[in-house]
Amino acid sequence: MRKEPGYHMEFRDQFLNASMFSDEGELLIDLPDSLDLFAKDAMSIDDKIEDSHQGAPFTLRVYYRLSNPKAGLYFVLPDSEINPTRHPQMYTNNQSCNTRLWLPCLDNPHQKCSWEFEITVPRYFSSTHNTHDRLVSDIDDEMHDVEEIETGEDLEMIVVCSGELVEQVLHPTDSNKKIFHYVLDTVAAAPSILMAVAPFEVVDVGRVGNTDFWAFTRHGLKEEVEYTTGMGCLAMEYFEQYVGSSFPYPNFKVVFLEDLYNPVVTGSTVAFMSSHLLISPDIIDQTFETRRHLCRALATQWFGHYIPPKTWSDVWLTVGLANHLTGLFLRKHFGNNEYRYRLSKDMQRVCAIDVNQPALYPNYQTTQTLNQQTQAQVDPLHLHHFHPDEEWNSLRSELLALKSPIVLYMLDARMGRGQLQKVISQILVSALSDELPLGLSTHHFLKVARKAWAGREHDLAKFASQWIYGSGTPILMLSYSFNRKRMMVEFLFRQINSNAGRPGATSCFSGPFLIRVHEPNGTYDTEVHIEDEEKRIDVQYHTKYKRTRKSRGRGRGARGRGAGRGAVVVEEVEEEDDEEVVIEYTEEEIHKMTFEWIRLDPDCVWLCKKVYDQMDFMWASQLVKDKDVVAQQEAITALQRFPTNTTREALAGVLADQKVFFRIRADAAFALAKCANEFLEWQGLTTLLKMYYDKYALREACKPPPIVGKKPASITQPPSVSTTTSSFNSWNMNGNTTHLNELNNGFGPNWKNNVVPMPSAVKNSLSFPLGVVD
């Protein structure tokens, strides 16, 4: 179970008090009176800062020593029992404003300055000396228990730090040490400074414009690093083209570390990534997540470090912009189907977790109760020192990481194509012109967006109040009916907020909403405007029918050959418009079928949960005929509630079609397992096994083994998986048969969610695929 930041109340109060108290700093330095800090003539503080006659600059040098640090610096050392050959590593941790624990500084994301580092380290990591003595001999005596490791080689120690490496020289008095000199001319805050020391292997990823791209890893992983970071230059080029500005730093470095406290940690010019994220051409399932993390680390260099949030409440904006840019590149890199599929899944996840959560921009909310105003305070921990990277596995962090880019995506859709890109470009221009000295605020973002969305300022204000300053997501419940007299589809919308009743929850969400009706004659879109909690909407029905009537003719009727008693005779109808298509249906069929299926918000411009019902054959038609991956995913989710033959046939057809997006086919395989029950004579299982044998096991004369009988013979030729699509579907079909085998220890579901015994022959047939794929 994931915990909220304030789950442990006592710890929350202590941490909050300590963080607020430490904002004033822990190190107090008395300056001598001889220092003329400002001119002595009477003027304001701002004038004093800008005055050219202010006091001469001075240098303040602080000598300090870290003894057995508990936080701020982390050491990863060899372990004689678990991993004796692991190379030692040291890296910094700035989580929760921990920079002050290893570096005397103004530990505030809004206090930016230039930096210069001279770091002295051992020249080599030698296997012939005690590992700990050579690396951290000055840390603490109790850490000297690491055993001596003999690898037979000396590895050069490398320092990776924020900034640009100016020089690397030998120590003037000790030839066994060397000095790394790093300079960061672009101003950055102290929490953006990262440093790592280890015997790294350096990989030259490439160069984009004037920016060098480097990667660092432990020795022996060069090929994996090259494959993992190979698309980094493409992402950097795309970001530069989109934002209209070059990379803000002279270089970018990715360091792969072991036992990292977060999967990804970003700083100015550098990013730490867990070594578990390394991939190779043989690892397919981790590819998307690894590349998403790498792209996000790149995008954070613009929005997060070069342009930090102005206040802690503005964190959602920098997080959202970085993730929005990441999503746009991944759409280009992986395709539109992957992008829309992920967008739909993210929206579903946000709707599930956005319960009892504050708004994206948390603030103090005022409510009206019994003619009295009461102020409900948001948890102060959300307002003070909270960033998703600090508690990356909490619900609040997940909500910010998912909801922020979706809200920006919705704003882009409402503003018009390309308008949000202009807003982002203008923000970068303001940053280059030093117009954002304290960082980017939500107010400034909306101010720039208001200029780009000229004439629609009222709509932007409503959007911000509902989705940024208001909390919750709408749940749209829809019921509909077909009025044959009016030839209208009558809809009734009703919305409720997932945070209904909580202070700050949006009372009513409004905006344009698209309804798509798939009729036998074609597809028709109707855009309506939702502005009330409950609203009735009429949508025109376009398909025309030829009415039919029953004629009680005798023998061979005059209307046609073979028209006997009770035959159906079609009346001739003259068409007024030659282009109008008329479908012939009987009166009974018209009552059964009015339209094929309907879709709500097909473009996914509303972050909402849609609740409405359709017949199983309508969902099946949507799955088979609609080529949009979001429509197919919605249909598969709905069909799981209908374990019928219609569902089984539709899912089997999708699973067998190689042209269907592979993630949809994987979802179809999981849904097909729902059709494996006694009432359908385990036909869902039969279909899964047949497809598995045909595709991945038996290459010649492949027939699935019958459900009854002996266990199938062993296969001499293992399955061959050569593509990403084939691999995913092989694993999913095999995983579903495993799920069926383990379901309730050999029991399958029935219509009433009770259990019925699974025949032993069925369980025997399931054991065969498990032995084919490792």
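Me: Helix H15 (residues 616-625) and H17 pack at about 5 degrees, their axes 9 Å apart. Why are H15 and H17 called roughly parallel?

Reply: This is a predicted model. The angle between H15 and H17 is about 5 degrees. Angles under 35 degrees count as roughly parallel. H15 and H17 are therefore roughly parallel to each other.

Me: Which residues of H15 and H17 meet?

Reply: From H15 come Asp616, Phe617, Ala620, Leu623 and Val624. H17 supplies Thr646, Ala650, Leu651 and Val654. By class, this contact has 7 nonpolar, 1 polar and 1 charged residues.

Me: What makes one of these residues charged and another polar?

Reply: Asp counts as charged. Asp616 belongs to H15 and Thr646 to H17.

Me: Where is threonine 647 placed, and why is threonine 647 called buried?

Reply: Threonine 647 is in helix H17, residues 645-656. Its relative accessible area is 1%. Buried means under 20%, so threonine 647 is buried.

Me: What is threonine 647 in contact with, leaving aside neighbours within four places in sequence?

Reply: Threonine 647 touches Leu639, Phe642 and Cys675. Contact here means heavy atoms within 4.5 Å.

Me: Now the sheet. What is the strand order in the open sheet of 5 strands?

Reply: The order is S10-S11-S12-S14-S13, and the pairing is mixed.

Me: What makes S10 and S13 edge strands?

Reply: Strand S10 (201-208) and strand S13 (264-267) each pair on one side only. The twist from one strand to the next averages 15 degrees.

Me: How do you know that S13 and S14 pair?

Reply: 4 bridges join S13 to strand S14, residues 270-274. Pairing needs at least two bridges, so S13 and S14 pair. The two strands run antiparallel. Threonine 266 stands opposite alanine 271 in S14.

Me: Which strands does helix H4 lie across, and which does helix H5 lie across?

Reply: H4 (residues 222-229) lies across S10, strand S11 (211-217) and strand S12 (251-257). H4 runs at about 25 degrees to S10. H5 (residues 232-243) also lies across S10, S11 and S12. H5 runs at about 35 degrees to S10.

Me: And the whole chain: how many helices and strands?

Reply: The protein chain has 21 helices and 29 strands. Buried residues make up 50% of its 774 residues. Among contacts between residues at least 6 apart in sequence, 67% join residues at least 24 apart.

Terms used:
Residues are numbered from 1 along each chain as its sequence is written. This is a predicted model: local features need pLDDT of at least 70, side-chain atom pairs count only at pLDDT 80 or more; totals for chains, interfaces and linings use all residues. Side-chain values use heavy atoms; hydrogens and water are left out. Buried means under 20% relative accessible area, exposed over 50%, partly exposed in between (1.4 Å probe, protein chains only). Axes are lines fitted to C-alpha atoms, for helices over the stretch in contact, and angles run from 0 to 180 degrees between N-to-C directions. Angles under 35 degrees count as roughly parallel, over 145 as roughly antiparallel, 65 to 115 as roughly perpendicular and the rest as oblique.
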